[in-house]
Amino acid sequence: MIHVQGINKSFGTHQVLKNVSTIFEKGKTNLIIGQSGSGKTILMKCCIGLVEPDGGDISFDERPFLALAEKRKKDIRKEMGVLFQGGALFDSLTVEQNVMFPLNMFTDMTPEEKLDRVNFCLRRVNLENVNQLFPSEISGGMMKRVAIARAISNNPSYLFCDEPNSGLDPKTAEVIDQLISEITEEYDITTVINTHDMNSVLQIGQKINFLYKGELWWTGDKNTILNTQNEELNDFVFSTELTRRIRK
Amino acid sequence: MLKLLGEYLLLLYDIFKRPDKGPVFRRQLLVEFVGLGVDSIGIVAIISVFTGAIVAIQTAYNIDSPLIPLTMVGFTTRQMMILEFSPTIISLILAGKVGSRIASEIGTMRVTEQIDALRVMGVNPANYLILPKITASMLFNPVLIIFSIVVGIWGGWFACLVTGLVTSADFIAGLRGWFEPFTVGYAMIKTVVFAFIIASVSGFLGYNVDGGSVEVGKASTKAVVVSSILIIFFDLILTQLLLV
């Protein structure tokens, strides 16, 4: 479980996050949704330690992340798996080496054990016979799946996904969503997904946090989001012709 | 300027921390030996052969007085290659080739979030990415410079042989005369300092790229310019300290 308490962040005079507090629950897919510029990426970056908030606290299973010394933060980071928007696969490494990277850095597994784990993770994301390919030789959807495989290779307790469906066709996006959802339940991970894709929201939104102009505006789940009276949330959810027609 | 220097020193502090995993560092080091060192042998060889040949021909051409023996051609070629051409000119060439490569490689990793990915995993990105490059440069560049000196002198000898300006015996006699071993030490000290400048400055500029591909290109160019200026500046300081 990740406890976010009163997070504030400003860039110059512009306050991006205003006293955001929420809980990301274990074994659930926790979504952060909102329009572009609402602060969802900054909130996620605060959680994974890439941006230092001006105030507030973030605890990972009762461990206050922000108050820890860098060395102790590193221990928590080793328990995180992060899926970046573009995949962030290492260009100079093959698919196999990318997935093996966290194992090389943080485990004392034998080469055979590492290879077994890599193959297991790649199979888990429905990828086979791609071990020796480089990231430039695979498609966008495959890149995301390799990035997921890398993120789960070291058995993380927390999985963060930044716009996992960006740049993917709806079919592939659904596969990625389903995969993240299955992995979350299977390994009882605290998963946080940053998205503005309404398909994802309705498919895997077990807990949804709606950010509006840097504030946590609404919290709910995929069953309640379509029936809320919250005006700003409705503007966001029913912003496309398709969703407006569905509503009717 | 002071802020930049502070950021550079802070990055160096991160770079010179103990590597997260020894075997991974050693493997990275081998990769960098090939990428930064072995891959530069070709250009070093070509430039050194021609530089040595040109120095030899120009020296021979400028010896008009019968009081100056032609053995001076071999002597001058050797001294020029050891003292200045190999350590400084080759380091300037490497600043262009290796420096731009380091800055663009690390800069691209920055803009594509690969450095963020490393950091989030709990890896020290500065240490993982830049330390092997600095170490490989500081260990391999002296090898390249010795190679350059040897090849440059061979180029001078070969040029004399082909043009007939100086006999092989005269050239070799000059080459073997008045040799001061410290000159090689001086060349090696300069090389190691220049290697550190090239790898650390280029790494710093790549690491701090903010933006997209345009900024990566700018960082790459800046790495070459700043490294070259620092090489010349430290050349003067080291020469003053070590030779005068």
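**Close-up views of a predicted two-chain model**

**View 1. Surroundings of A:Cys47.** Apart from neighbours within four places in sequence, A:Cys47 is in contact with A:Ile2, A:Val4, A:Ile58, A:Phe160 and A:Val192 (contact: C-beta atoms, placed from the backbone, within 7 Å). The model is predicted; local features need pLDDT of at least 70, side-chain atom pairs count only at pLDDT 80 or more, and totals for chains, interfaces and linings use all residues. Residues are numbered from 1 along each chain as its sequence is written, and chains are lettered from A and ligands numbered from 1 in the order in which they are written.

**View 2. The largest nonpolar core.** This core has 128 residues, and A:Leu43, A:Cys47 and A:Phe160 are those with the most contacts inside it. Helix 6 (residues 125–163) of chain B gives the core its largest share, 15 residues. A nonpolar core is a set of buried Ala, Val, Leu, Ile, Met, Phe, Trp, Tyr and Cys residues joined through C-beta atoms within 7 Å. A residue is buried if 20 or more other C-beta atoms lie within 10 Å of its own, exposed if 12 or fewer, and partly exposed in between, with C-beta atoms placed from the backbone.

**View 3. Chain B.** Chain B has nine helices and zero strands (DSSP runs numbered from the N terminus: helices are H or I, at least four residues; strands are E, at least two). Its C-alpha atoms fill a box of roughly 70 × 35 × 35 Å along the principal axes. Of its 244 residues, 45% count as buried. Among contacts in chain B between residues at least 6 apart in sequence, 87% join residues at least 24 apart.

**View 4. The contact of chain B with chain A.** Chain B supplies 13 residues and chain A 15 residues. On the side of chain B that touches chain A, helix 5 (residues 114–121) of chain B gives the most, with six residues. By class, this side of chain B has five nonpolar, three polar and five charged residues (nonpolar: Ala, Val, Leu, Ile, Met, Phe, Trp, Tyr, Cys and Pro; charged: Asp, Glu, Lys and Arg; polar: the others, Gly among them).

**View 5. Loop residue A:Asn126.** A:Asn126 lies in the loop between helix 4 (111–124) and helix 5 (140–152) of chain A. Its phi is near 60°, a positive value in a residue other than glycine. A:Asn126 is exposed, with 11 other C-beta atoms within 10 Å.

**View 6. Loop residue A:Lys213.** The loop between strand 9 (207–212) and strand 10 (215–220) of chain A holds A:Lys213. A:Lys213 is not a glycine, yet has a positive phi of about 45°. A:Lys213 counts as partly exposed, with 14 C-beta neighbours inside 10 Å.

Conventions. Two residues are in contact if their C-beta atoms, placed from the backbone, lie within 7 Å.
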